[in-house]
Structure formats: structure tokens, C-alpha cells
Amino acid sequence: MRSIIIALTGLLTATNVAAAPQLRQYSAAIEDSAWQLSKNTPVECQLQHTIPRFGQAIFRSVASKGLNMAFELQMLRLPDNYALAQVLSVPPAWRAGEPSKAIANMKLLKQYNGELPKKAAWTLLTELEQGFSPSFYFNDWYSPYDKVVAAINPVQFTARFAEFNQCIAALLPYSFDDIAFTVLNYESESDELSRESSRRLQQIAEYLKYDQDIDYVEIQGYSDSYGGRWMNEQLSIKRAEKVKSFFVAAGLSADKVQVAGFGERRHIAPNQLAIERKKNRRVVLQLSKP
């Protein structure tokens, strides 16, 4: 009987040991902590930190009408199923006794990197600036015995964060979506743009200096109904071709730019008043990304 009790006790002890989760930790050592401003243009700012053997922590802000921020946790081993990662801000060792702060719960979707929206992303940046380590805790998908923690090291953060903020301040106040569909208007019986449309085309040119990842541009020219049909059709083609030349001069391949002229067909307003005819004298641009 005594031997049976000892055997059962040993079995229970072994079971308890096996059931206790092992914490697998990933973090850059102090001497290896590296921050990089990996994108620094007026259309995108990206601040990146390597977590050795785990992946990358990336903060990103893009050209837009409003201030924006996103965080992405790129993982070498993507999730195998749905889970939640607890996001904590862990104090440095020299602030012993100070509790960690709960920031968010980050959804982890199968075969996708983890992401956090604007408010949580800014909170992580603020915590890093104060010397805290944002850390991500979750159960491993590939081992029932392991829990994983991936931590972002704040060492060397401050200088790169200052550059990141300067980049954000210089972002264009409009995005690709803001220029992807554009209507340009023209002076009467002319291929000269109105003043407002000329400014709009310059905005597009400024954007294309930094982002030419364009799949195609569709340009459709139209006219009002003053003058002969054939002449109006030719004028609409001339307007569209002139805009095509603008895109080619801006660096886009000519075979990516499609042109058509429809003359006085497809009016969007009557032609009785000058303000109505101005609406019909137009070129419609549609830009598409891959």
C-alpha cells in the first residue's frame, strides 16, 4: 500500500510539473536594442524595432487629412488559430515595485500579424518614451506547455522617436484615397485647367514624387455642348492626352495610362448656364493601386 501511495504521489507531482506553463521570452538585449526609421517620406513614416528570433514591432503613420497611427506586430511564426494577446507596459528593473499597466487586448487572427489601432499605438509610444517595455503575452499555438512573451526594448528609442515625430509633421495632408478619384474642370473652348483644378493636379504630382506604386490611371475627357460634335470630341481627347502627358512626365509608364474622349456625351449638368457648362467641361481621373 505504501508503495502505491508513493507511486501516486510521484505521478501527481509529475502531472503538476508538466501542467505548469513554461514562459518563453523574446526581447532584444540592451546592447542589441535597435530602432530604425525605416520609412521617412511625406506619404509614410515607419518606426521599426527588431525583436530577435520573434519578429518586428512597427509603428506607422501615413499621409491623410487627419492624424493617424497604427501598430503592427510582425511575427516570424504566424498564429495557427484565433487568440488574444494581453498587452502590458512593464516598468524597468530600476523602478522595482511599480506594477505593470494593462494597455489592451490584441486580437491574433490565424495567419495574420497582430495589430493595434491609433489610441493603443500612441499609448505604446508614450510608454516607450518613459522607459517602459510594451510586452505581449499569449499562449503558444504550437506547444500546449508554453506561454510566450515578446517585449519591446525602450533603449535607443528616444532619438529615433524624435525623428519619427518630425516625419509625421511633414506628412502630406491628403492620402491616395483623396486623389484616387478626381474631376478636373476647364476654361471654355480650351484645354487649360481652371485655377482650382490646376492646384489639384499639382497635389497629385506632389504625391507621385513619393509613391508611384500605381497599377493604372484611367483618364476620360468630356466637353460642354457648345460647338460642333466632332470638334468637341477632339477637344475632349486633347484634354485627356494633355493630362496623360502630365502623368508620364511625373514618372509613370505610358502603358499604365489609359485615355478616352467622349466629347459632349454623358453630361452631368444642363448646358443653359455658364456654371452648368463648366461642370461638363471636365476630365475624370481614376487611379488604382495593385
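The expected span of a helix is 1.5 Å times one less than its number of residues. The exercises below concern a predicted model.

**Exercise 1.** Compare the reach of α3 with its expected span, and find which face of the helix is buried.

Solution. Step one: α3 has 13 residues. Step two: from first C-alpha to last the helix reaches 18 Å, close to the 18 Å expected at 1.5 Å a residue. Step three: list the buried residues of α3, which are F157, F161, F164, C167 and I168. Step four: viewed down the axis of α3, these buried residues fall within an arc of 115°, so they line one face of the helix. Residues three or four places apart point the same way because an α-helix has 3.6 residues a turn. Step five: the face turned away from the buried side carries the exposed residues T158, Q166 and A169. Step six: the buried residues pack against β2 (35-41), β3, β4 (55-62) and α2 (118-129).

**Exercise 2.** Describe the disulfide of the structure and its handedness.

Solution. Step one: the structure holds one disulfide, joining C45 to C167 with an S to S distance of 2.0 Å. Step two: the torsion about the S-S bond is about -90°, so the disulfide is left-handed. Step three: the pair links distant parts of the chain, with C45 in strand β3 (residues 44-51) and C167 in helix α3 (residues 157-169), 122 residues apart. Step four: both C45 and C167 are buried.

**Exercise 3.** Is F246 buried or exposed, and which residues does F246 touch?

Solution. Step one: F246 is found in helix α6 (residues 229-249). Step two: its relative accessible area is 16%, under the 20% cut-off, so F246 is buried. Step three: leaving out residues up to four places away in sequence, F246 touches L201, I204 and A205.

Notes
Residues are numbered from 1 along each chain as its sequence is written. This is a predicted model: local features need pLDDT of at least 70, side-chain atom pairs count only at pLDDT 80 or more; totals for chains, interfaces and linings use all residues. Side-chain values use heavy atoms; hydrogens and water are left out. A disulfide is a pair of cysteine sulfur atoms within 2.5 Å. Helices (H or I, at least four residues) and strands (E, at least two) are DSSP runs, numbered from the N terminus. Buried means under 20% relative accessible area, exposed over 50%, partly exposed in between (1.4 Å probe, protein chains only). Contact means heavy atoms within 4.5 Å. The arc is that of the directions from the helix axis to the C-beta atoms.
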